[in-house]
Amino acid sequence: MFQQVYDPVGGSLLYSSLFAALPLLTMFLLLGWFRVAPHLAALASLAVCVLVALFAYGMPLSATLNAGVYGAAFSMLTVLWIILNAIWLYNLTVKSGHFAILRDSFSLLSADPRIQAILIAYNFGALMEALAGAGTPIAISGAMLLAIGVRPIKAAVLALVANTAPVAFGALAVPITTLAQVSGIPFDTLGAIVGRQTPLIAAFVPLILVGLMDGRRGLAQVWPAAVVAGIGFGISQWVSASYISVALADVIGALGSAGALILFMKFWTPPQVDDIEGMDVPATSALRPTPKAMWMAYLPYILIIIIFSLAQIPAIKQWLSVGTLSFPWPGLDILKADGSKVGTNFTLNSLSATGSLLLFAGVLSAWMLRVRPGTAITTYLETVHQLRWAIPTVLCVLAIAFIMNYSGQTVTLGVWLAQAGPAFAFLSPVIGWIGVAVTGSDNSANALFGALQVAAAHETGLNPALLAAANASGGVLGKMISPQSLAVGAAAVGIIGQEGLIFRKVIGYSLVLLAALSILVFLQTGPLAWMLP
């Protein structure tokens, strides 16, 4: 049995924090400075983390490796299983030809490209983030914006900026799931608090998109539609996260926003413009999709909403829980510094797991879209190949998080940072922002820093759930500047090598929104505490 010590290096919290920060610094430098491939950077950081646990914190080798295996096993069902099946479902729509119909349907909703940009990058991008995440919405939105005539640089910038507020609830709330696991705070509590932070950011994103599309003229002419879309998303996401389903917060947010915007367009039309800087005239198709074709194109996403909604019904939830196993992870006995035992329960919920429900939705979609079984299987194998480098990255990052947490490294950093006192509430979103900016994933940032936020909260007397949620909320604003996101955005629009230019165009928006969120979280510790559940 291993007992944690939070100042093992010379009895100094400062020196111990320097060692505890080494795995994170290694990842930051390799990804952000040396631009090493994510899976190699994660592997190198894992090696550093193991060495720190062994030689600085005195954790036995067997316990260190076992904690890493536990983290990797946790990622298999809660992260990789979801991403794999979500991206497979998207790939099925591409293979069947229905994705092209889906793309063309946006031009039927509005002839104004500024409105189309909101529908594609903001609404449909949020839906893609809800179902897949992992850079998928950036790639899809960027390609679709090119299809309506937006030039490459602008398309990439629009896709990146739009991919903000949905990130915290991406892949059916995988980041919140991970945050709950590493922080020990209930999933629904964290989701509800994030649902009282990110919607306020989301409300302003459509205005930014319109400004990027057409500058001051666009803001002057299209601001009513942007406000409707932003408020529609914010309210829908808040209601879902607080009262309906945390997992469906982005789905309901995206559909609520799109529905409000489409309804608004029935009564309001923006002034017609003939030229928009950074746009070409797109090629138009002579064939108008039939209502049946459009229905089939949207069918997979409708099925997901139906399946996950049904899964919330108590009777069905109980049936899906059959076969669920929960047990202490074998051979991992850890005590905190105060002598209390660290929880190591592992839950295997094969039927009710989000990834399993997505797999079921994919099978139904393949059948209803008349995709042949052989094609569906081949597409699944191609999806596994597509994720061949993402899989080891996720495994390593979660292994790092669990080793840091169980060895005591995370608590050391939290206790040291907590010396900032109540001002730590302002820094809390910044930590999440840094994590996503470097790792490219809100899920990874929550895995790395979720327990740190809780440790800091206990030291400062702040609300642990608030700071943990702030980690996820702050992380969404780091997504647009992460090297992985920039690479995906550049590749999607065919401008590989111009990531630096894209970065310079989005960094300002990231910093301004981060400052606004930090102020909001700080105020939620006092004057705005009434906002919290």
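This is a predicted model: local features need pLDDT of at least 70, side-chain atom pairs count only at pLDDT 80 or more; totals for chains, interfaces and linings use all residues.
Residues are numbered from 1 along each chain as its sequence is written, and side-chain values use heavy atoms, with hydrogens and water left out.

Helices are DSSP runs of H or I with at least four residues, numbered from the N terminus. Axes are lines fitted to C-alpha atoms over the stretch in contact, and angles between N-to-C directions run from 0 to 180 degrees. On this basis, helix H12 (residues 205–244) and helix H13 (residues 249–265) have axes that come within 7 Å and cross at roughly 145 degrees. The crossing of H12 and H13 is right-handed, a term that applies if the near helix is turned clockwise from the far one by less than a right angle, left-handed being the anticlockwise case. Contact, defined as heavy atoms within 4.5 Å, involves residues including Gly-232, Phe-233 and Ser-236 of H12 and Gly-253, Ala-254 and Ser-257 of H13. The contact residues of H12 and H13 comprise 13 nonpolar, seven polar and one charged; here Ala, Val, Leu, Ile, Met, Phe, Trp, Tyr, Cys and Pro count as nonpolar, Asp, Glu, Lys and Arg as charged, and the others, Gly among them, as polar.

For helix H1 (residues 13–20) and helix H19 (residues 409–417), the axes come within 9 Å, with a crossing angle of roughly 130 degrees. H1 and H19 are therefore oblique to each other, since angles under 35 degrees count as roughly parallel, over 145 as roughly antiparallel, 65 to 115 as roughly perpendicular and the rest as oblique. H1 passes H19 in a left-handed crossing. Leu-13, Leu-14, Ser-16, Ser-17 and Ala-20 of H1 meet Gln-409, Thr-412, Leu-413, Val-415 and Trp-416 of H19. Six of these residues are nonpolar, four are polar and none is charged.

No disulfides are present, a disulfide being a pair of cysteine sulfur atoms within 2.5 Å. The cysteine sulfur closest to that of Cys-49 belongs to Cys-396 and lies 11 Å away, too far for a bond. Cys-49 is buried at 0% relative accessibility, and Cys-396 is buried at 11%; buried means under 20% relative accessible area, exposed over 50% and partly exposed in between, with a 1.4 Å probe and protein chains only.

Arg-370 lies in the loop between helix H16 (354–368) and helix H17 (373–386). With a relative accessible area of 76%, Arg-370 is exposed. The phi of Arg-370 is positive, near 60 degrees. Most residues other than glycine have a negative phi.

Notes
Helices (H or I, at least four residues) and strands (E, at least two) are DSSP runs, numbered from the N terminus.
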